[in-house]
Amino acid sequence: MGTSFAAGEAQWRARLGTLRQVVRQELVGRQLAAHLPADAPPRRVLDVGCGQGTQALLLARRGHRVVGLDASPALLADFARALDAEPPEVRARVSTVRGDAERLVELFPPGAFDAVLCHGVLMYFDDPGPLLDALARVTAPGGLVSLLVRNGDALALRPGLLGDWEAAERAFAGTAYLNRIGVGARADRLDELTAALAAGGLPTRAWYGVRVLTDAAPSDAPLPEPDELDRVLALAERAGRTDPYRRVAALLHVVAERP
């Protein structure tokens with residue numbers, strides 16, 4: 001990611017095992033599984049801003065070949081340690097590249113990947129247009145682009161539920177916000193994002209809400225017992241695919257396809 005995320009990277013890494021982060025990663029993984037299932041032919045996947053590699057490893061375990069791109073040496077080191085714990089056949093399917101998302105078209109040829117993930121990255125770009133164009137360029141015809149963005153249509157909900165009325169008022173006025181790792185970021189509105197994708201040759205196939213029910217949980221909230229966590233995940237997954245709940249999710253997971 002860019003330099004703005006770097007300011008909050010330490011907090012991000014410290015919170016990876018918390019309830020909010022586990023729900024986020026697990027839901028996105030389940031939603032992706034519907035589009036990149038284990039019984040499908042292996043796909044070439046690029047994970048832009050792969051971080052610690054959670055989604056890349058899930059896909060590699062399902063048989064896909066994955067390249068993880070990230071600018072952070074610390075997060076790529078976390079990814080490498082996690083990869084070391086995987087079976088040899090999973091390790092053989094994964095490679096990483098240190099680099100910025102802005103250099104995507106310099107690093108990879110056109111149409112190089114059957115699926116491109118870009119999760120939690122667009123919010124750090126004031127103008128996401130060039131990155132969306134780059135994502136489309138490196139996606140093969142018939143390939144998928146998976147985006148995880150902050151939901152601009154529900155930006156006032158979290159601060160409102162937490163009683164931060166000043167932040168809620170600001171959220172109604174625009175799409176800029178301060179996230180929980182202390183970094184200024186930008187949200188996307190669903191209709192505007194899907195229109196931009198369609199204009200760039202990436203019509204939307206499906207979209208989901210992520211962290212509908214757990215977004216107001218404390219940043220350091222620990223995981224509950226396994227049975228309770230299973231219940232939370234089942235309810236969160238249901239809310240993420242059901243209206244009107246998914247429309248007020250903190251995050252939107254949009255899956256587009258290059259015809």
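**Close-up 1. The largest pocket and its lining.** Fourteen residues, given as 14 in the count, line the largest pocket, and those nearest its centre are Arg-158, Pro-159, Asp-164, Ala-167 and Leu-178. A pocket here is an open set of points on a 1 Å grid over the protein atoms alone, where a 1.4 Å probe fits, with protein on both sides within 12 Å along at least five of seven lines; lining residues have an atom within 4 Å of a point. The space inside comes to about 330 Å³, a volume being the space filled by probe spheres set on points joined across faces, edges and corners. At least two lining residues come from each of H9, H10 and strand E6 (176-178); helices (H or I, at least four residues) and strands (E, at least two) are DSSP runs, numbered from the N terminus. Sorted by class, the lining holds 8 nonpolar, 1 polar and 5 charged residues. Ala, Val, Leu, Ile, Met, Phe, Trp, Tyr, Cys and Pro count as nonpolar, Asp, Glu, Lys and Arg as charged, and the others, Gly among them, as polar.

This is a predicted model, in which local features need pLDDT of at least 70 and side-chain atom pairs pLDDT 80 or more, while totals for chains, interfaces and linings use all residues. Residues are numbered from 1 along each chain as its sequence is written, and side-chain values use heavy atoms, without hydrogens and water.

**Close-up 2. The second largest pocket.** Here the volume is about 190 Å³. Look for Leu-16, Gly-17, Gln-21, Val-22, Gln-25, Glu-26, Gln-52, Thr-54 and Leu-58 around this pocket. Helix H3 (19-33) and helix H4 (54-61) each give at least two of the lining residues, with H3 providing the largest share, 4 residues. The classes split into 3 nonpolar, 5 polar and 1 charged.

**Close-up 3. Leu-162 between two helices.** You will find Leu-162 in the loop that runs between helix H9 (157-161) and helix H10 (165-173). Leu-162 counts as partly exposed because its relative accessible area is 48%, between the limits for buried (under 20%) and exposed (over 50%), with a 1.4 Å probe and protein chains only.

**Close-up 4. Two backbone details.** Asp-243 and Pro-244 are joined by a cis peptide bond, with omega near 0°. Pro-244 sits in the loop between helix H12 (226-240) and strand E9 (251-257). Arg-211, although not a glycine, has a positive phi of about 65°. Arg-211 belongs to the loop between strand E8 (204-210) and H12, and is buried, with a relative accessible area of 6%.
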